[in-house]
Amino acid sequence: MIQMNHVSKTYPNQASALSDITLEISSGEFVFIAGPNGSGKTTLLRILFGAERPSSGEVVVNGMTITERGFNKVYSLRRTMGIVFQDVKLLKDRTVSENILFALEVTGRSRKKAKNSVSEILSRVGLQEREGDSILSLSAGEQQRVAIARALINDPLLLLADEPTGNLDAQMTMDVMGIFTGLHLKGTTIVFATRDTDLIQGYPYRIIYLSEGRRVDVTKDQEVSAGE
Amino acid sequence: MISFLQYVIRRTFQNIRRNLFPNLTTIGIIGISLLIFSTFALISFNLTSFLKIWEDKIEVIAYLKKGTPLREVEGLLKKSRQIEGVEGVTYVSPFDAMAFLESRLGKQKNLLQGIQTVVLPPSFEIQLKKEYRNSIRIKEVVSQLKQFPEFEEIQYGQEWVETFSALVHILRLTQWILGGLFLGGIIFIISNIFRLTISSRQEEVEIMQLVGASPAFVRVPFYVEGLIQGLLGGGLAIFFLYLLHKIFFLQIPLSIQTWLAGIPIHFLPPGTVLWVLIGGMVLGFFGSFVASMKLLRYSE
């Protein structure tokens, strides 16, 4: 599902964000991308969803190849995946359903079909009762659930999450992780970037560590310290 | 296709409604820019049509030698009419000339008392074809008339004609140069305003791009919004120009109004009004297009 071959990313100011990363994530896997701030987690995810081009190397995501020349149809790549961020990127002046409806409409769904889909998508994250509520009236955890619901509009086989629990308290984090594990059990591939070492210890999933833009091999005993 | 059109229309009007203030600002600035431009066009249009009236009055007067027999006048009339560029020739006898002078002097015609009609020379008033009513081509006609020995003097207000032609030329040149420079400035201002309005919706655009909206779904509503803003801006400019045109007539002193009575001051012709509206739409579209090129990119 995802293959990165010797991928590096250097910015015009010569700052290196990623250096010679090679990895493979199979369909149906749940993988944590772990590492401290500035380790390159976000850059790696941004390359995976086509927001940035690698400076060298090759990335294959859902059968589409991204190289340093970029990728022409970024939008078709993004329709094969869902993306969730720490800052939920919701339209704060609209309701829960309007946020989902907006995403459905701009991807070409007819308004009627889109309206029917909203309730179904919200029920998958347990927010069917809050359809008409303003985003501002929701808790941080609920807002993140709306963001996850929006990421599900294309029925993605791949879900990329960049620190989705970074702003949440322990209970909300558990709720959100519950949704992610539920989606994983239904077959969705999940790439979850986090710096929270306590969180990753609680799940039996593969962990890819990054440090200063490089992939580092860490034994189970070293995991906690490497992630800090 | 139909659902895409429905989407574009709905989204465009949603954008306008949700971002009313930036939209009104953009419409206002397009309106002001086009108002300045169309005011310039209106002045230029009226000056050109005013000068055209003068242009129509350009003619050559050829004075005959005193004592030229009438039978020779007949032949000379024929020959003059055959000259290339001559539209018509009218013979003005000394009596006609005196009658003309009297009519021009009106109540002061007694000034002419004691002047013998015979002192006024007979003349030909030679009307020129339109393409000959300029300083260069009028000379072609005059040089042919000079070959007839029966003419004592030929007048065509050479200096006036040359000044007039130069004035028309400068005016038209200025219109295009200033118009071009002004247009460049307007496009620059408008594209920057669009950049600001699109930036204010960057969050929305980012979400659209994240969920996989195609470039057409992201950009076309912005282009249509630009077209609508341009059309409304153009309409606003025409409305205020019309008001200014009316106010101009109400505010000018009576003495100038009387003087202007003979000179028609027109509003812009419908064709030009249409071009201002189309121009507004093109500006709106171009502004949103230029602004969106950088801001609506999917990747860095």
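In this predicted model, A:L160 stands opposite A:V191 in β8(A). Residues are numbered from 1 along each chain as its sequence is written, while chains are lettered from A and ligands numbered from 1 in the order in which they are written. Because the model is predicted, local features need pLDDT of at least 70 and side-chain atom pairs count only at pLDDT 80 or more, whereas totals for chains, interfaces and linings use all residues.

Helices (H or I, at least four residues) and strands (E, at least two) are DSSP runs, numbered from the N terminus. Two strands pair if DSSP finds at least two bridges between them.

| Strands of chain A | Bridges | Direction | Facing residues |
|---|---|---|---|
| β6 (residues 81–85) and β7 | five | parallel | A:G82 and A:L159 |
| β4 (residues 56–61) and β5 | three | antiparallel | A:V60 and A:T65 |

Why is strand β7 of chain A largely enclosed by the rest of the structure? Five of the five residues of this strand (residues 158–162) are buried, so the rest of the structure largely encloses it. A residue is buried if 20 or more other C-beta atoms lie within 10 Å of its own, exposed if 12 or fewer, and partly exposed in between, with C-beta atoms placed from the backbone. From β7(A), the residues A:L158, A:L160 and A:D162 point one way, A:L159 and A:A161 point the other way, and all are buried.

Together, β7(A), helix α6 (residues 170–185) of chain A and β8(A) make a right-handed β-α-β unit. Right-handed here says that, with the strands pointing away from the viewer, the path from the first strand over the helix to the second runs clockwise.

**An open sheet**

Chain A also has an open sheet of four strands in the order β2-β1-β4-β5, with antiparallel pairing. Its edge strands are β2 (16–25) and β5 (64–66), each pairing on one side only. The twist averages 20° from one strand to the next; axes are lines fitted to C-alpha atoms, for helices over the stretch in contact, and angles run from 0 to 180 degrees between N-to-C directions.

**Helix α3**

Helix α3 (residues 96–106) of chain A is largely enclosed by the rest of the structure, because ten of its eleven residues are buried. Among them are A:V96, A:I100, A:F102 and A:E105. After α3(A) comes A:G108, with a positive phi near 95°.
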